[in-house]
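Me: I would like to learn how to read the features of a protein model step by step. Could you give the general idea each time and then the case in hand?

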Amino acid sequence: MAASSMKVKVKWGKETFKDVEVNTGEDPDQFRAQLFSLTGVPPGGQKVMCKGMSLKDTWEGFPIKDKASILLMGTAGELPKEPDNIQFVEDLPESAVINHYPAGLANLGNTCYMNATVQCLKQAAQFKDIILKSEVLNSGNESLLVMYLQKLYTIMDNQEDRSGIQFAVLSFLTSLRQVNPQFAEQHEGRPAQQDANECWGLLTRTVDVILSSPAYPRGGPVAQYFGIDQRETLSCVEAPEEDVVASSASQLQLSCHIDKDIGFVLAGLKRAMEDEITKSSSTLGRDAVYKKQCQLSRLPAFLTINFVRFYFKRSAGENCKIRKDVKFPLTLDVYDLCSAELQEKLQPARRQFAAYQDWEAENQAAMAGKRSKDKSSETGRAADENQEKFYSTEFESDLGSNNSGYYELLAVLTHRGRSSNSGHYVAWVKSGPNLWYCMDDDKVSPKNDQDILNLSGSGGADWHTAYILLYGSKKCQVVPSSQEASHNESGDGGNSTAMDIITDN
């Protein structure tokens, strides 16, 4: 489809929005974000249709044109309700939990990078559970770091009394600095600011080493639940007849490349997985240009994406920031980044997502079409009975994997400022539908989906800009009254538990 700008009419329930601008040269998720701002329907819950066809991950095949009528189906999320009563902190003991907000962490002197890292990683449910349930022996600085993280998470999860949390933060910080003295550096007599991604890497690697166990075939819990496998090929551009060199590699996060042409996170990921290098060619007997291409061969339960926003500027002597607006979605599909073999394995679970989306669209259409009240009530009751049932999100033979390619955003770590070693880091964590919390050290405030989408970098260097994204495997709800049929139609051959029904407690 040729890239062009146009205006369309969007009909959503009883409301109609005229002259909505669409640019088919941009990713469809940007249009979904625009619809979200108009209607409040989260992008992940939207069904966008035109002439009976649904909008997928690309504009290809979608019959949109200037002045076309677009049908949007989906339910707007609810904003957090204001509390009925206001209580003053001065009237409560220091250890009391004032509200049901998540626990904030005090800044002990440029430690926002650490606080934001701890808060974001806590959103990975299995990571947190493993930390809390593991028996950690005091056998050195690394084990102490994990022990203090365990104590910190225990206090943070206490909904009644969080006394001792400041001491727990101090103990964790002291241990972090003992493991890596870089985090104890001083600048002009006070603790120096550090890079949150370096703290993230140190903490996850340490946990993996200390909690390594035969229970984790990949070595440790982080490698098991965050580990990404990829296949790389290296081919000579100047000598196509030269043999292609293939290799495999594993990593714990993907990098999003940023340049003037990158406006969406998926495009940045694709750019980072393709590169050209110069090396010696045995065929040509001289240096030649080689093309390096990567494809994902294993997806983890938790996908970490790092925006490559910082580069070393010699004249300034510091890591300067690329202040570029790069959009990211609340729901991410990485199918196009995967190898053909992995794409084939993802199909059974993806069919379940498609089946549920079709059922949901039909259900909404039935209600909008003024079906009989009794029939609508029956449909509603069926949905209520099945709302707690979901399919498994991992392959049976691969603990901590993702079997669909679909992810939902759990946390965003942002940076405000012009250098990685200055400015301020903040965590934004998901709590529920359209409900997030901004964890600005010990200051905690509720936010909504649009607040999170606004962290893409459009506010400039002096506003919070996404630096690290943490996605978790998206769950697929069971289509009411179709569990047995789903099992029979899976065609999975035993490679995936996508068809296994689990209960979400």
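Me: In what order do the five strands of the open sheet lie, and what is the pairing?

Reply: Strands of a sheet pair through backbone hydrogen bonds, either parallel or antiparallel. This is a predicted model, in which local features need pLDDT of at least 70 and side-chain atom pairs count only at pLDDT 80 or more, while totals for chains, interfaces and linings use all residues. Residues are numbered from 1 along each chain as its sequence is written, and side-chain values use heavy atoms, with hydrogens and water left out. Here the order of the five strands is β2-β1-β5-β3-β4, in an open sheet with mixed pairing. The edges are formed by β2 (15-23) and β4 (53-54), each of which pairs on one side only. Two strands count as paired if DSSP finds at least two bridges between them, and the elements themselves are DSSP runs numbered from the N terminus, with helices (H or I) of at least four residues and strands (E) of at least two.

Me: How many bridges join β1 to β2, and which residue is the bridge partner of Val8?

Reply: Strand β1 (residues 5-12) runs antiparallel to β2 and is joined to it by seven bridges, and Val8 has Val20 of β2 as its bridge partner.

Me: Is Lys7 buried, partly exposed or exposed?

Reply: The classes rest on relative accessible area: buried means under 20%, exposed over 50%, and partly exposed in between, with a 1.4 Å probe and protein chains only. Lys7 has a value of 40%, so it is partly exposed. Ser404, in the loop between β17 (389-391) and β18 (406-416), has a relative accessibility of 1% and therefore counts as buried. Not counting residues up to four places away in sequence, Ser404 touches Leu346, Ala349, Arg350 and Phe353. Over the protein, buried residues make up 48% of the 505 residues.

Me: Which residues of helix α8 are buried, and why do they line one face of the helix?

Reply: In α8 (residues 265-272) the buried residues are Val265, Leu266, Gly268 and Leu269. Seen down the helix axis, these buried residues of α8 fall within an arc of 160 degrees, so they line one face; the arc is that of the directions from the helix axis to the C-beta atoms. Their packing partners are β10 (254-256), β13 (302-307), β16 (331-333) and β22 (465-473).

Me: Which side chain meets that of Asp333 in a salt bridge?

Reply: The term means a side-chain nitrogen of Lys or Arg within 4 Å of a carboxyl oxygen of Asp or Glu. Asp333 and Arg350 meet in such a salt bridge, with an N to O distance of 2.9 Å. Because Asp333 lies in strand β16 and Arg350 in helix α9 (residues 340-368), the pair ties together parts that are 17 residues apart in sequence. Asp333 counts as buried at 12% relative accessibility, and Arg350 likewise counts as buried at 12%.

Me: Which residues are linked in a network of salt bridges?

Reply: The network links Lys122, Lys128 and Asp157. Within it, the side chains of Lys128 and Asp157 meet at 3.1 Å, N to O. This pair links distant parts of the chain, with Lys128 in helix α3 (residues 125-133) and Asp157 in the loop between α4 (141-156) and α5 (165-179), 29 residues apart. Lys128 counts as buried at 17% relative accessibility, whereas Asp157 is partly exposed with a relative accessible area of 29%.

Me: How many residues lie between β20 and β21 in their hairpin?

Reply: Two residues lie between them, and Asp441 in the turn has a positive phi of about 55 degrees. Strands β20 (residues 435-440) and β21 (residues 443-447) pair in the antiparallel sense over five bridges, and Trp436 stands opposite Lys447 in β21.

Note on methods
Contact = heavy atoms within 4.5 Å.
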